[in-house]
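Subject: Handover of a structure, with notes

Dear colleague,

Please find below the sequence and the structure that I am handing over to you. My notes on what was found follow directly after them.

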Amino acid sequence: MSTLVIASQLDRDFNDVIRQRLEQTHPGAQVLDAPAGVPSDLPAEVSVLLARPINVRGYLASDTPPPGWPYGLKWVQVVSSGIDFYPKWLFDGPPVSTSRGSAADNIAEFALASIFAAAKRLPDIWVHDSQWQFSALRPLKGSTLGLLGFGAIGRSLATKARALGIHVLALRQSSTPFEVEGVEAAQDIHQLFSRSDHLVLAAPLTDATRHIVNRAVLASAKPGLHLINIARGGLLDHGALLAALDEGPLGLASLDVTDPEPLPDGHPLYAHPRVRLSPHTSAISSNSRHEIADSFLANLERFLNGLAPENLANPQRGY
């Protein structure tokens with residue numbers, strides 16, 4: 001059998017984890033450090049590509065694939081769950097799978113931390129002198145969490161929320177039953193917004209979902225709603241968001257994603273008093289190297305055994 005050669009666009013410390021793991025299962029396999037961006041000039045012996053997002057920080061890859069694409073590749077895995085950060089031609093060659101679910105717990109924990117911070121007014125209640133002012137803090141038990149989208153992140157967040165006594169109301173694209181006991185299905189997006197105290201956007205970005213949260217949807221929100229976006233900035237109309245924060249009914253927005261990323265200096269979301277903005281970091285953890293390796297190596301075994309990889313990308317579905 002020919003030597004297994006993998007090209008990876010991840011940072012070297014991520015690739016070192018994969019190398020160490022492969023030494024135990026496939027001695028002799030090679031992992032080549034490939035530059036980020038459009039994959040090009042891959043050696044002919046490379047059969048597998050582990051790719052990182054390409055269309056990021058204002059860079060857009062050409063609609064035309066590089067000369068020679070897809071080289072000798074037989075399979076590509078991307079390290080994200082969504083596929084909107086990649087050019088369309090990437091999906092016209094060998095099978096492409098995603099790392100869907102590998103960071104679900106990290107993102108769910110981040111969303112839950114945002115909910116705790118809002119309900120318990122953190123860090124506003126920290127005191128720095130003897131002039132203590134007691135505050136009534138909002139309980140989470142008995143509140144309603146809305147979920148727009150119910151994939152791996154939604155399942156993880158719903159499980160954690162239910163354990164805290166939070167009612168979970170969810171809306172998903174398919175009619176598939178929810179995999180978490182006690183989750184209620186919303187009739188439509190307007191009911192989802194009108195009944196939720198905290199609402200997490202966890203849906204993929206597609207042509208159909210771009211700006212799905214618009215002025216009409218935000219107008220139906222429950223007064224004081226805390227809106228959390230950990231998915232894609234394009235799901236949310238930022239102009240409509242600012243109006244809903246200034247004029248009602250929104251109370252707070254916690255945004256880990258924006259459109260574009262990063263927002264240009266001076267953008268009003270940076271300075272708005274009811275916006276909490278983080279730099280698309282909810283999926284990243286001190287354990288990310290091992291989480292990505294787990295996802296990739298599990299699919300690598302399927303590839304080597306002639307099986308279709310799990311989480312095959314579907315451009316129409318958005319993941």
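Helix 1 covers residues 12-25 in this predicted model.

Which residues of helix 1 are buried? They are Phe 14, Asn 15, Val 17, Ile 18 and Leu 22. These residues cover an arc of only 150° around the axis, and therefore they lie on the same side of helix 1. The other side of helix 1 carries the exposed residues Arg 12, Glu 23 and Gln 24. As for what covers the buried residues of helix 1, the elements include strand 1 (5-8), strand 2 (30-33), strand 3 (48-51) and helix 8 (288-304).

I turn next to the charged pairs. Side chains of opposite charge can pair when their charged atoms come close. The count of salt bridges in the model comes to twelve, and I describe three of them here.

The pair of Arg 19 and Asp 16 forms a salt bridge in which the closest N and O atoms are 2.8 Å apart. Both residues belong to helix 1; because they are three residues apart, about one helical turn separates them. Asp 16 has a relative accessibility of 29%, so it counts as partly exposed. The pair also belongs to a network of salt bridges that links Arg 12, Asp 16, Arg 19 and Asp 33.

A second salt bridge joins Asp 294 and Arg 21, with the closest N and O atoms 2.8 Å apart. This pair links distant parts of the chain, since Asp 294 is in helix 8 and Arg 21 is in helix 1, 273 residues apart. Asp 294 counts as partly exposed because its relative accessibility is 40%. Arg 21, at 27%, is also classed as partly exposed.

Is Arg 172 buried or exposed? Its relative accessibility is 18%, so Arg 172 counts as buried; the cut-off for this class is under 20%. Glu 179, with a relative accessible area of 46%, is partly exposed.

Leu 304 is placed in helix 8 and is partly exposed, with a relative accessible area of 26%. Between the C-alpha atoms of Leu 304 and Gly 37 there are 26 Å, and the two residues are 267 residues apart along the chain.

On the surface, a nonpolar patch is formed by Val 127, Trp 132 and Phe 134, which together have about 430 Å² of accessible area. Where does Val 127 lie? It is in the loop between helix 2 (104-119) and strand 6 (144-148). With a relative accessibility of 45%, Val 127 counts as partly exposed.

Finally, some features of the backbone should be mentioned. Pro 260 is part of the loop between strand 11 (252-255) and helix 7 (268-271). Glu 261 and Pro 262 are likewise joined by a cis peptide bond, where omega is about -10°. Pro 262 lies in the loop between strand 11 and helix 7.

Asp 41 is not a glycine, yet its phi is positive, near 55°. Asp 41 is located in the loop between strand 2 and strand 3. At 69% relative accessibility, Asp 41 counts as exposed. For Arg 121, phi is also positive and near 55°, again in a residue other than glycine. Arg 121 has its place in the loop between helix 2 and strand 6, and its relative accessible area of 38% makes it partly exposed.

With kind regards,

A colleague

Notes. Residues numbered from 1 in each chain as written. Predicted model: local features only at pLDDT ≥ 70, side-chain atom pairs only at ≥ 80, totals over all residues. Heavy atoms only, no water. Patch = residues over 30% accessible without salt bridge, like charges linked within 9 Å, V, L, I, M, F, W, Y side chains within 5 Å. Areas by Shrake-Rupley, 256 points an atom, 1.4 Å probe, with all protein chains shown as cover. Salt bridge = Lys/Arg side-chain N within 4 Å of Asp/Glu carboxyl O. Helix = DSSP H or I, 4+ residues; strand = E, 2+ residues; numbered from the N terminus. Buried < 20%, exposed > 50% of the residue type's maximum accessible area, 1.4 Å probe, protein only. Expected span 1.5 Å × (residues − 1). Arc of directions from axis to C-beta. Contact = heavy atoms within 4.5 Å.
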